[in-house]
Amino acid sequence: MTATEINATDLILGIETSCDETAAAIVEDGHVVRSNVVHSQIELHKRWRGVVPEVASRSHTERILPIVDQALTDAALTPDDLTAIAVTQRPGMVGCLLVGLAAAKALSFRFAKPIVGVDHVQAHVHTGFLADPDMPLPALALVASGGHTAIYLVRARGDTERLGTTRDDAAGEALDKGANLLGLTYPGGPAIENAAKGGNPRAFDLPRTLLGRDSLDFSFSGLKTALLYTLKPQGDRAPMPTPTGDTLRDLACAYQEATVDVLVTKLRRAAERHPVKALCIGGGVARNQRLRERLQDDRVLGTLRLVLPPMEFCADNGAMIASLGSHLYRTGQIAPLELDAVATAQAGGKIDARRRRR
Ligand code: KG4
Ligand code: ZN
């Protein structure tokens with residue numbers, strides 16, 4: 001099959017199990033979402049304040065088939081109606097990825113449907129095309145989640161270049177760790193956003209690590225350490241205090257503002273250097289309202305077409321996997337049944353799913 005042979009409508013089942021969401025969705029032509037079913041394991045991992053790989057993969061195993069079934073029922077389709085099955089192949093916890101891959105391969109074999117392996121981070125990068133199929137190009141894409149924080153230049157579907165990435169913690173990880181220090185619940189991003197409401201972002205002076213004038217990379221580990229020393233000065237032997245009331249509100253607000261400030265500053269730098277027409281955001285942190293406001297108000301970024309996808313497409317979901325899967329299918333990037341799980345992400349560049357092996 002070649003790219004030019006595949007022009008007809010496609011119905012792609014997208015399966016996602018790379019972290020703590022078990023998800024399946026059916027997307028038509030890369031952007032019409034016929035169903036989108038997500039089961040979050042947050043309650044399961046809350047007591048550990050982070051995702052436990054073995055617990056996550058066991059839960060995926062229990063849920064994946066009912067969730068695929070639900071996605072088909074919601075879309076009023078049967079497996080025979082599908083054009084292809086797209087599945088997250090990388091990056092992620094290998095035990096978790098294997099559950100999705102096993103389900104996709106079983107369906108592929110049983111119903112004689114082609115299978116497409118999808119890079120999860122690239123699926124976040126491509127969320128703009130799911131939310132706005134006419135997104136003008138070139139565009140910038142920010143992926144900010146618990147595991148990744150990076151800026152990409154998107155030249156076309158399947159043709160992206162990573163301009164900068166985090167050198168230590170991801171933005172979501174910084175929010176999760178900051179929330180932990182503040183005595184807030186997991187996941188930290190929404191907890192901090194909630195606690196920050198009505199707070200004063202300048203009440204506490206927290207650092208913005210920008211790594212030199214030209215860098216598009218990120219570093220968030222210093223922010224977390226600064227919060228720690230604000231709560232409990234270095235050398236202080238007293239137990240760690242848990243802030244409450246106005247102090248908690250202002251600390252959460254200042255911490256959120258510092259995180260958002262760095263994301264916006266780096267995106268502005270990228271937009272000043274690359275003549276782009278649009279900016280799209282993806283990953284769990286893209287749900288943050290303060291980030292969305294700051295992008296809209298920014299003197300440079302606010303002039304671009306801002307693609308701020310609906311909340312359900314920012315956090316992990318099967319629709320983004322199906323959407324990028326549609327492009328990969330249309331360009332003939334069908335994977336063999338030996339398609340294997342890979343823990344690490346692709347660096348960008350032109351995607352060629354056929355060559356993706358360990
Ligand atoms: O993309 P995602 O659901 O999972 C991966 O990490 O791949 O992102 C989860 C991250 C967590 O760190 C969580 O704290 C953060 O996204 N997050 C938020 C918000 N909702 C989720 N961060 C800021 N504001 C939010 N509203
Ligand atoms: Zn993700």
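**View 1. Polar contacts of ligand 1 in the predicted model.** An oxygen atom of ligand 1 lies 3.1 Å from a polar backbone atom of Gly 172, a polar contact being a pair of N or O atoms within 3.5 Å. For Gly 284, a backbone N or O atom is 2.9 Å from an oxygen atom of ligand 1. Asp 316 places a polar side-chain atom 3.3 Å from an oxygen atom of ligand 1. Taken alone, ligand 1 exposes 550 Å², of which the protein buries 89% (Shrake-Rupley areas, 1.4 Å probe).

**View 2. The site of the zinc ion (ligand 2).** The protein donors are His 120 (NE2), His 124 (NE2) and Asp 316 (OD), at 2.1 to 2.2 Å from the zinc ion; donors are N, O and S atoms within 2.8 Å of the metal (3.2 Å for Na, K and Ca). Along the chain, the donors are spaced as H-x3-H-x191-D. The pair His 120 and Asp 316 links distant parts of the chain, 196 residues apart: His 120 belongs to helix α4 (residues 120-125), and Asp 316 to the loop between α11 (311-314) and α12 (318-330). Helices are DSSP runs (H or I) of at least four residues, numbered from the N terminus. Both His 120 and Asp 316 are buried (under 20% relative accessible area, 1.4 Å probe, protein chains only).

**Notes.** This is a predicted model, in which local features need pLDDT of at least 70 and side-chain atom pairs count only at pLDDT 80 or more, whereas totals for chains, interfaces and linings use all residues. Residues are numbered from 1 along each chain as its sequence is written, chains are lettered from A and ligands numbered from 1 in the order in which they are written, and side-chain values use heavy atoms, without hydrogens and water.

Definitions and conventions
Helices (H or I, at least four residues) and strands (E, at least two) are DSSP runs, numbered from the N terminus. Buried means under 20% relative accessible area, exposed over 50%, partly exposed in between (1.4 Å probe, protein chains only). A polar contact is a pair of N or O atoms within 3.5 Å; within protein, one must be able to donate a hydrogen and the other to accept it, and residues adjacent in sequence count only if both atoms are side-chain atoms.
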